[in-house]
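User: I would like to go through a protein model with you. May I put up the sequence and the structure first?
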Amino acid sequence: MTTRQLFGTDGIRGVANQYPMTADLAVRLGQAIARHFKCTAGERPFGHRTRIVIGKDTRISGYMFESGLAAGITSMGADVQLVGPLPTPGISFLTTGMRADAGIVISASHNAYQDNGIKIFASDGFKLPDQVELAIEDLVLGEDNLQPNTDRIGKASRIDDATGRYIVFLKNTFPRDLTLDGLRVVVDCANGAAYKVAPAVLRELGAEVFTLGVDPDGYNINQDCGSLHPHNTARRVRETRADVGITLDGDADRLILIDENGDIVDGDGILALCAIHLHEQGKLADNTLVTTVMSNVGLEVALQKRGIRLVRTAVGDRYVVEEMRKGGYTLGGEQSGHMVFLEHSTTGDGMLAALQVLAIMQRHRTSLSKLARVMTPFPQVLLNLEVSEKPPLEELEAFQKMVRQVESELAGEGRVLARYSGTESKARIMVEGPDPARVRTYAEELQKTLRQLIGA
């Protein structure tokens, strides 16, 4: 496959106002997206005009990229529908609901406000496959001037009730015979895209809601709040004696939960309890859960005990979804908090996943801490390393030698995984094994070796 120059594992991402995340590139990308979907739309009703939905999170640079993309798209004769700040899964939902040809999300997810990103949904609400991203990338980087029309220019309009439509959709995924009456919930929206949606959904279903991270100013997204900093929510849960804490990331496609004791339930724990509940209801397709190589071995053990199969993919929720579609599976996700309930949504949705867990709690009239006991995680340490370049790890012989040494000492009772982030300038080193102290020591030694080799 041709080397990707712009698109990573989740769209294009980088520091705003530095290549590739510049206003110029946004205009060119908008033109390329419009060209691609005008040429590949297939059979459409007579008079159909290509329409593309654009939404964003709350970071300050969103205005710049929204305007640039809209300018590029309309210059090619396609129309734009702007929805403003809305969770990534909400934009996927609106793309299909509005019968649009594509949807664009302007967000760098869990990154700091200085970064931003652009990812694209097809008309069916799924993220684009690699070959389509490459086709668009070729248009952006090619010498073709994309020949904007001189006699046909598109228009931009705003969908004023986008938030309300998405709130209704989320509520419809919650069982109609249940409410959240009597439940005390802390929700941390990371000063991001869900700052209106999440509290509203919970209150309308009957919960008593305590909010964190609902005052975005363009610069404070993910700053000491949200799913990257769940300890703030844990403290608030204990202070308010809440039943559960919900933490989302900047674009609200990730979820980390806090139980009533203030303990964290990560993506693996959420997947475990949801998979087992669906299995008991006979609703887990092919008795299979899809997750990535990063998921804890404890998840695999918990599922095996109940006759549930686990399928692992490369890191990235898009690869999880691809495997789910290929195998006909309905539940998948990542330890980091992406949860995909394919019967309800085509992409990871933090609030949708939270509602499914709350429904299980209400149905069984039990606490999150009791539900989370279905899985006992193995000791696992994940360390990040800032890097300025990303030489192939398999070509770093000294590092590979140490990996082999650690794996030999773990003697089949643990794992080592090292990879570069697809969305940040970081290397990630994960070590798993039975002894927590040894696991941390191994991870720190591997991190030190890698730092020496690539000068990060």
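Predicted model: local features only at pLDDT ≥ 70, side-chain atom pairs only at ≥ 80, totals over all residues.

User: What area is buried between domain 1 and domain 3?
Analyst: About 840 Å² is buried, and carbon and sulfur atoms give 48% of that. Buried area is the accessible area (1.4 Å probe) that two parts lose on being put together, summed over both. On the side of domain 1, P89, F126 and K127 supply 63% of the area buried against domain 3, more than any other three residues.

User: How many salt bridges cross that interface?
Analyst: The rule finds 4 salt bridges between domain 1 and domain 3. A salt bridge is a side-chain nitrogen of Lys or Arg within 4 Å of a carboxyl oxygen of Asp or Glu.

User: New topic: which residues does UniProt list as a binding site?
Analyst: The unreviewed UniProt entry places this feature at S109, D249, D251 and D253. Such annotations may be inferred rather than shown by experiment.

User: Why can they be said to gather at one spot?
Analyst: They span 145 residues in sequence, yet no two of their C-alpha atoms are more than 7.9 Å apart, so they gather at one spot.

User: Is S109 buried or exposed?
Analyst: S109 counts as buried, because its relative accessibility is 2%. Buried means under 20% relative accessible area, exposed over 50%, and partly exposed in between (1.4 Å probe, protein chains only). D253 is also buried, at 1%.

User: And what does D253 touch?
Analyst: Leaving aside neighbours within four places in sequence, D253 has contacts (heavy atoms within 4.5 Å) that include S109, P89, K119 and H338.

User: Last one: how many residues are in the largest nonpolar core?
Analyst: That core has 71 residues, and L202, I246 and L358 have the most contacts inside it. A nonpolar core is a set of buried Ala, Val, Leu, Ile, Met, Phe, Trp, Tyr and Cys residues joined through side-chain atoms within 4.5 Å. A second, separate core of 34 residues includes L6, I52, I54 and L146.

Key: Residues numbered from 1 in each chain as written. Heavy atoms only, no water.
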